[in-house]
Amino acid sequence: SCDFYVSPARRSSGFRATTIMAVEFDGGVVIGADSRTTTGAYIANRVTDKLTPIHDRIFCCRSGSAADTQAIADAVSYQLGFHSIELDEPPLVQTAANLFKQMCYRYREELMAGIIVAGWDKRRGGQVYTVPMGGMLVRQPVSVGGSGSSYIYGFIDSKYKSGMTKEECLRFTADALALAMERDGSSGGVVRLAAITESGLERSVILGNQLPTFFSA
Amino acid sequence: MLGESSIQPEWLSEEVKTGTTIIAIGYEGGVVLGSDSRVSAGASVVNRVMNKLSPLHDKIYCALSGSAADAQTIAEIVNYQLDVHSIEVGEDPLVRSAATLVKNISYKYKEELSAHLIVAGWDRRAGGQVYVTLDGLLSMQPFAVGGSGSSYIYGFVDAEYRKGMTKKESQEFVVNALTLAMGRDGSSGGVAYLVTIDQEGAVERCIPGNELPTFFDQ
């Protein structure tokens, strides 16, 4: 199938039909994504799940070519699972992020993948790492990606403050994604959220008619 | 030196654009317009203090974005046309008239021009109004954003705008929006220019970069 497949004509403009986001809080992370996959003007999947588990407490949010990101995520899950067995303890989020970076940087000319890695580990708690196209790696308290992300930089810069609770982060992520989905034609559908903490994973979905509403001119 | 083969610096052969963030918002009794001050030619900033808020008449201003030459020329022509029109009519022109004149030029020469002007002002008939003329359309809106930096603040303005803001709230809204856009858009920056227009007239203000509000990553 063709989750966010991008035709060759579109590839050169770096078109990434998505909005993804991740936020750190004390004790974990919140991640979110829209659910729209487009092939040209047709919405191939309106309920896509762009939040992919890499390990028990580590997820990645995928944007860019679906084929590329699925292949990378599969390879990294395998490597991380193997590493975790060797170590005999849960892997670090930083390790997962570095595995993504190594692959995305080595094959940077062939790949079109923008990935946000987020999760919880015992050493550093909740962490968000972003690996945009080109293969750099940087940790950020809040990170957005995908075509819809441009529209919410201003909102995120103005509204983010450190020390938010899990519920505040969930609300903040849902608001930001709703705003991006309102403005970006390639993002839409439902909002998928996940909160990852020491105790585990909580997934939720906000349906279209339950999304927060804002003013639109 | 690596690649220093040209006789002239690169920026002399690049098109001069007002990369820009522009914004206009109506409130009860008037409008507030805002813009950044950066003019770029390729990667060089050729003017870091350009005022992109151009008067079309006493109580009607326009905000320039896109190609600097195109935008300035449109504003000059419409300024002239409005002067003639207001003499013929014998009173201050309507904001809608100014916006229509801008739209006529933008539409007729849409293939040749690449400039987007937001027209805003105050008139006796309908008070404060904001018009967009992008691509040659004409549309009145409660507020409008434009320029390359506007993409980054759509989420912010959608979330923060409320009907019935006061003059002070509108000015803060404009300053915050400009600051956030200038923080993310490489083609916007410098100082923030503000113009507040109401029944009394137009008041211009310049806010230097170090007096702009700061947000979480600064």
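Tutor: The discussion below turns to the chain contact and then to salt bridges. This is a predicted model, in which local features need pLDDT of at least 70, side-chain atom pairs count only at pLDDT 80 or more, and totals for chains, interfaces and linings use all residues. Residues are numbered from 1 along each chain as its sequence is written, chains are lettered from A and ligands numbered from 1 in the order in which they are written, and side-chain values use heavy atoms, with hydrogens and water left out.

Student: How many salt bridges lie between chain A and chain B?

Tutor: Side chains of opposite charge can pair when their charged atoms come close. The rule asks for a side-chain nitrogen of Lys or Arg within 4 Å of a carboxyl oxygen of Asp or Glu. Between chain A and chain B the count is three. One of them pairs Asp158(B) with Arg183(A), at 2.9 Å from N to O.

Student: Is Asp158(B) buried or exposed?

Tutor: Buried means under 20% relative accessible area, exposed over 50%, and partly exposed in between (1.4 Å probe, protein chains only). Asp158(B) is buried at 1%, whereas Arg183(A) is partly exposed at 26%.

Student: Which salt bridge joins Asp36(B) to another residue?

Tutor: Asp36(B) meets Lys52(B) at 3.0 Å, N to O. Asp36(B) is buried at 0%, and Lys52(B) is also buried, at 0%.
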